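User: I'd like to learn how to read the strands and helices in this one. Can you walk me through it?

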Amino acid sequence: MTVCVDCCGLNGLSGFTVGVEADIRSGLPGFSIVGLPDSSVKESKERVRLAALNSDIMFPDDKRIVVNLAPTGLKKEGPSYDLPIILSILAAAGAINKAMVSDTVFEGELSLDGSIRPVSGILPMALHALKSGYKRIVVPYENRNEASLAEGIEVIPIENLRQCCDYINGKCHIERYKTDIESYMKKSRSYALDFADVKGQENAKRALLIAAAGMHNIIMSGPPGSGKTMMAKRLPTIMPDMTFDESIEVTKIYSVAGLIKDSQALISDRPFRSPHHTISNVAMVGGGRIPRPGEVSLAHNGVLFLDEFPEFSRYVLEELRQPLEDSEVTISRVNGTVTYPANLMLAASMNPCPCGYYGYSDKCRCSQNLIIKYRNKISGPLLDRIDIQIEAGGLDYKSVSSDKPGESSAEMREKVKKAQLVQARRYKDEVFNYNSGLTASKIEKYCCLGADEKRLIENVFDKLGFSARSYHKILKVARTIADLEERENISRSDIAEALSLRSFDRSGE
Ligand SMILES: Nc1ncnc2c1ncn2[C@@H]1O[C@H](COP(=O)(O)OP(=O)(O)O)[C@@H](O)[C@H]1O
Ligand SMILES: [Mg+2]
Ligand SMILES: [Zn+2]
């Protein structure tokens, strides 16, 4: 009789139940795993055999063993199947108590010495097990905090195979593990950075405030040392706290990426990711043999900062368009696709020319051709997804030496919160939450202009030669500026300010 040991597989962030069953019979000795295992699961064979032998647990070496992973239609990836595979074999061989295996999900990678190693994706697995009605989940000891974020399922942490078998056979008791979720939520907001540290740069700070309030993507251009990186790093500090559900969503992504620290199993601070410009396409958008989320998903609910924007490979930049448009990223695979969330705010920075000083110092010797080539690295369609473009100019001596502290992150965050509340109310029946999500038809509905305001925008368009594609961005940003003041009507000054946040358009690009 075969026994089914259950575990979880993952597709993107969603789990599916996998039943592992073994058949052992006399015949030519052998060991095979069937049911669409990928090569990492096939490698299990040697691990589980040696882990059992090194733990003084019998392994039916002289028998013919077939392990099946059901349902066979879904691909099984990664090492987390080790534990259910060995348990199914031991159950079929009569070495463990079959009754204790039901109602339980088992996850864990085995070391050759029988110890159990942590696996990635435990949180989505535990949430799936909870939703599917399982009573408990047996997890690697190092994953215990993460697993117990799924409130309502019993988490049993185990350290090695021997202990796991003893637990199943009732020879030892393992206390169900609980974690203090409250303390994780309270621990948040311990940012070491503050906008008060930034001297001068009032215009850039204001632009970043507007960007955060409407979740607009932003690009800053300016010479080296003007504080672009410094300011971008402070963006998460002016965004409202994540809700518990948002935290769980982010934590699931980090869990699948294998990036959860045991000390802070729940990610409660908004993500800030700043990959280097040499990053590969897969690392940016996700993918790989065992699919992992990329930087765009690790920045979900937070900020993706791309410093030295034009230095990124053209291919990587083009791949950003889809996640920026859809707020999620879809990765094609041999059999099907994987989708990860990627609802992020993009902050990019660039120098005005390859040397960095064009327009700011006569140090610059870059030729016009070189400068145009540098700026053209960012394609029009990509720039189209960036609502706000500003120049963060060089610092003058007066503002650098001033000891007057700038506006603090806490003050700015209060303003952002207020503006976002206005948007949440206005868009409660829409699929988007922020002004950045307004599409052309929705702009007509939500960004009505008076005759005066219309005339202003018309004048400027004709005079300064703004492109038509800028028109909607200006309205969206003006909407956010009005929302910061909790005004329903967009005023002339809102439009004028929004126009000033399109600096690339004005320089004729
Ligand atoms: N506006 C500013 N206020 C205070 N310090 C600044 C400012 N701008 C630059 N700095 C200092 O210069 C350093 C380099 O700035 P950085 O943000 O890296 O410039 P950029 O990214 O524009 O090249 C910062 O770490 C900070 O110490
Ligand atoms: Mg920098
Ligand atoms: Zn230059």
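Analyst: Start with pairing: two strands pair if DSSP finds at least two bridges between them. Helices (H or I, at least four residues) and strands (E, at least two) are DSSP runs, numbered from the N terminus. Here four bridges join strand E10 (residues 218–221) to E18, and the two run parallel. Ile-218 sits opposite Ile-388 in E18. One caution: this is a predicted model, where local features need pLDDT of at least 70, side-chain atom pairs count only at pLDDT 80 or more, and totals for chains, interfaces and linings use all residues. Residues are numbered from 1 along each chain as its sequence is written, while chains are lettered from A and ligands numbered from 1 in the order in which they are written.

User: In what order do the strands of the open sheet come?

Analyst: The order is E11-E14-E17-E10-E18, five strands with parallel pairing. At the edges are E11 (272–273) and E18 (388–391), each pairing on one side only.

User: How do I read two packed helices?

Analyst: You describe them by the angle between their axes and the distance between the axes. Axes are lines fitted to C-alpha atoms, for helices over the stretch in contact, with angles from 0 to 180 degrees between N-to-C directions. Contact means C-beta atoms, placed from the backbone, within 7 Å. Take H4 (residues 122–131) and H10 (residues 244–256): their axes come within 7 Å and cross at roughly 120°. That makes H4 oblique to H10, as angles under 35 degrees count as roughly parallel, over 145 as roughly antiparallel, 65 to 115 as roughly perpendicular and the rest as oblique. Ile-122, Leu-123 and Pro-124 of H4 meet Thr-251, Lys-252, Ser-255 and Val-256 of H10.

Key: Two residues are in contact if their C-beta atoms, placed from the backbone, lie within 7 Å.
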